[in-house]
Amino acid sequence: MTGSFKDLKVYKLAFETASDIFKLTKAFPKEERYSLTDQIRRSSRSVCVNIGEGYRKRIYPKHFTSKMTDADGEATETSIWLDFALDCEYIDQQVHTNLQTKYQEIGRMLNGMAQNPEKFLPKS
């Protein structure tokens, strides 16, 4: 696999979903600014950052795997923040389900990448 991490399907989906979360959280109450709003924005963006960092170091399979599992952890964290947003009634069930479905897909892709780092080695 060659090219940029930005060409990866998982990166595109994670970036799109993080952008959706940013727009969605603009409507969260002001009292959540330094808690739920910041946390969910940071974790959703961190998925993308870890993908990029790991992909750039893909010549080192263990480092690549570590970053993909870090990205998966951030995706899981975001999923939990979405549960809190639903419970606090900041988002409705349909939005929650849609975003959770995207993070489940992101997690599956990241898991596949972590388990098969050799598929992402740069071509010589």
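This is a predicted model: local features need pLDDT of at least 70, side-chain atom pairs count only at pLDDT 80 or more; totals for chains, interfaces and linings use all residues.

**Salt bridges and one helix**

I started with E105 and R108: they sit three residues apart in helix α4, so about one helical turn separates them. (Helices are DSSP runs of H or I, at least four residues, strands are E runs of at least two, and both are numbered from the N terminus.) Their side chains form a salt bridge, 2.9 Å from N to O. That term means a side-chain nitrogen of Lys or Arg within 4 Å of a carboxyl oxygen of Asp or Glu.

Residues are numbered from 1 along each chain as its sequence is written, and side-chain values use heavy atoms, leaving out hydrogens and water.

Next I searched the whole structure and got four salt bridges. One of them joins E16 to K102, with the closest N and O atoms 3.2 Å apart. E16 is in helix α1 and K102 in helix α4, so this pair ties together parts 86 residues apart in sequence.

Is K102 buried or exposed? I found 17% relative accessibility, so K102 counts as buried. (Buried is under 20% relative accessible area, exposed over 50%, partly exposed in between, with a 1.4 Å probe and protein chains only.)

Last, I checked α1, where the buried residues include V10, L13 and I21. Seen down the axis, the buried residues of α1 fall within an arc of 165°, so they line one face; the arc is taken from the directions from the helix axis to the C-beta atoms. On the other side, I found K9 and K23 exposed.
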